[in-house]
Amino acid sequence: MQEPGTEGALTLRRLTKHYPGFVAVDGIDLSVAAGEFLTLLGPSGSGKTTTLMMVAGFTPPTSGDILLNGRSVTGLAPERRNIGVVFQNYALFPHMSVAENVAFPLRMRRRPRAAIEQKVAAALDLVRLAGLGQRLPRQLSGGQQQRVALARALVFDPELLLMDEPLGALDKNLRAQMQFELKRLHGELGITIVYVTHDQEEALTMSDRVALMNKGAIEQLGAVEDLYERPVNRFVAEFLGESNVIEGRVEPAPDGLGWFIAAGGLRLPVRLDAAGPPPRPALLVIRPEKLGFANGDASGIPGTVRELVYVGDFTRYRIGVEGGIELILKAPNNRHSRRAGKGDTVRLALEPGDAHLLAG
Amino acid sequence: MSDDRLSAGRALLWLFGAALLVFLIAPIIVVVITSFNATPYLAFPPQALSLRWYRNFFQSAHWIDPALLSLRVALVAMAGATVLGSFAAIGLARGRFRGKRGLELFLVSPMVVPIVVMALGLYFLFSPLHLLGTPAALYLGHTVIATPLVMVIVLSGLRSTDPAAELAARSLGANYWRALWHVLIPAIRPAILSAAAFAFLVSFDEVVLAIFLGGPDATTLPKRMWESIRFEIDPTLTAISSLLTLLVLLILGCAELARSLQRRASRG
Ligand SMILES: Nc1ncnc2c1ncn2[C@@H]1O[C@H](COP(=O)(O)OP(=O)(O)O)[C@@H](O)[C@H]1O
Ligand SMILES: [Mg+2]
């Protein structure tokens, strides 16, 4: 991972956007490597679109700098940035045919007619719309319109492709198919992509790295696995996937192990970071799928099954344990995993390395 | 019982509608029929049919000169109002600035200020500029009253467009003006065309400003008609009225056609 300030395809330095009485983007530092697929993920209102609009040049930043391949584009008009943008509602030109839409950026660049025709055909081929060039946008399905928007944003070989929730308007199946197509295009073209979504599943399946945003700032930036397995704070832990987050303190024990003691007295084994003293107060994050039912009767955390829901590939249990705490446990529905019924007394197994400690 | 009352109410409504229609349309029909009369005075029903009053309109300078001036004024006002009103609408729809709502109210105010007040105001404004009695006074005056109309129609056309399309055009390499020309204006072209048609009609029909600002030299067709009604009723008036009605129908028909085309285009 590059440090902010070094040359990436796109570098943001302390990028900030203030609206009257409101900070939409709060000093973001970010560096996107050439050819990377980076996703800005975050709840609605976290500043994702504003960040993208500043990079595209539609919204002037209050302060900070935007560098594209090392050159500052902060004051540059959008048409001079050479950045492709794909909008959620496609933003096709309704009065132009598909081919005219795709030809538009080349016409604006005054390319020769023959070159335009050839590039448009190639771009339509790339998004698998060959033969539909003469149609009008409204004669296409939503998925096809999105492909036209993509072809139009790629045909002029932009230095960067920005996409703001491009699949938000599509139904689930089509969305999965388009995700796959986008990954294929990214692989084939090697283009740098900054992608915005509030859908964590989409972010997980598509991205090289994810920047998780909240209230105009990046809470954590890293590979998907980093964010999921090693969240840096409670927001990240709770936003990505499901988490059991317990408040308490840490009691060190020998061999790098220790006990996490929850407010109600519940004791859980944890592995301690060798680097520094354990945080206090502390939070313990346990992913539901890391918990399991213990084999023996003597060991493990005693609890009672309050509720269970069968969800197809796994069963989700709500288990009451000591100190009035409830833990969520997800057990895969295969022959190896143990089951329990409602009201059963159970014991939960937890590997010390599978629980993640945070500063409280 | 309630069924009875309902149908009685409905019958009353129909009757009211029919009466309204008769009172609106009957005078027009009477005028049109009268215009084909051959006698040198007004008579209904006509005793003999002829086109003499139509011929009289096209052949006498007394009528055709004001008609040509009206045409010229209406074309200039249409051009001026369409350009100004469309840009004002685009600015109001797309711009982000303080006092936008207030500016919009200010810009539509010529539509709600009584026309006599407008006329008087323009009279006092144009008098020191030595514009009174010149066609320029009418060009300007009619542009002023037609501009808000254009603005309102184009604003409503803009409401059905997607602002992201202009942003897309910018990101694809079009500067502001090219995005306007290649993307925004084509999207609202039908609204602009129908606004232009209304601007033309507003000017062509207008008599109050024409009286206040035109003086004796710049006489438009409505003003000449008004003057002629004051002394004697020349049957040529009925021919002109019929022609004006036809013109209005033609222009409104074109505007409606443009609108329905736009509606069909904006539908998915
Ligand atoms: N033009 C604007 N004026 C005032 N506030 C705005 C404006 N644009 C966006 N905001 C605010 O900035 C915040 C971030 O918006 P946005 O970047 O669209 O979030 P996201 O895309 O993550 O949902 C929101 O709370 C929004 O209300
Ligand atoms: Mg958004």
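Author: B:Leu21 sits in helix α1 of chain B, which covers residues 2-34 (helices are DSSP runs of H or I with at least four residues, strands are E runs of at least two, both numbered from the N terminus). This is a predicted model, where local features need pLDDT of at least 70 and side-chain atom pairs count only at pLDDT 80 or more, while totals for chains, interfaces and linings use all residues. Residues are numbered from 1 along each chain as its sequence is written, chains are lettered from A and ligands numbered from 1 in the order in which they are written, and side-chain values use heavy atoms, leaving out hydrogens and water.

B:Leu21 counts as exposed because its relative accessibility is 52% (exposed is over 50% relative accessible area, buried under 20%, partly exposed in between, with a 1.4 Å probe and protein chains only). B:Leu21 is also part of a nonpolar surface patch of about 850 Å², together with B:Phe16, B:Leu20, B:Leu24, B:Ile25, B:Ile29, B:Val30, B:Ile33 and B:Phe44. Patch residues have over 30% relative accessible area and no salt bridge, with nonpolar side chains (Val, Leu, Ile, Met, Phe, Trp, Tyr) joined within 5 Å and like charges within 9 Å; a salt bridge is a side-chain nitrogen of Lys or Arg within 4 Å of a carboxyl oxygen of Asp or Glu. The areas are Shrake-Rupley values with a 1.4 Å probe, and for residues only the protein chains shown count as cover. As for the spacing, an α-helix has 3.6 residues a turn, so residues three or four places apart point the same way.

Now for helix α1 of chain A, residues 48-56: 8 of its 9 residues are buried, so this helix is largely enclosed by the rest of the structure. The buried set is A:Lys48, A:Thr50, A:Thr51, A:Leu52, A:Met53, A:Met54, A:Val55 and A:Ala56. Just after that helix, A:Gly57 takes a positive phi of about 100 degrees.

Chain A itself has 8 helices and 20 strands. Of its 360 residues, 49% count as buried, and its C-alpha trace spans about 80 × 45 × 35 Å along the principal axes. A:Lys215 is exposed, with a relative accessible area of 67%.
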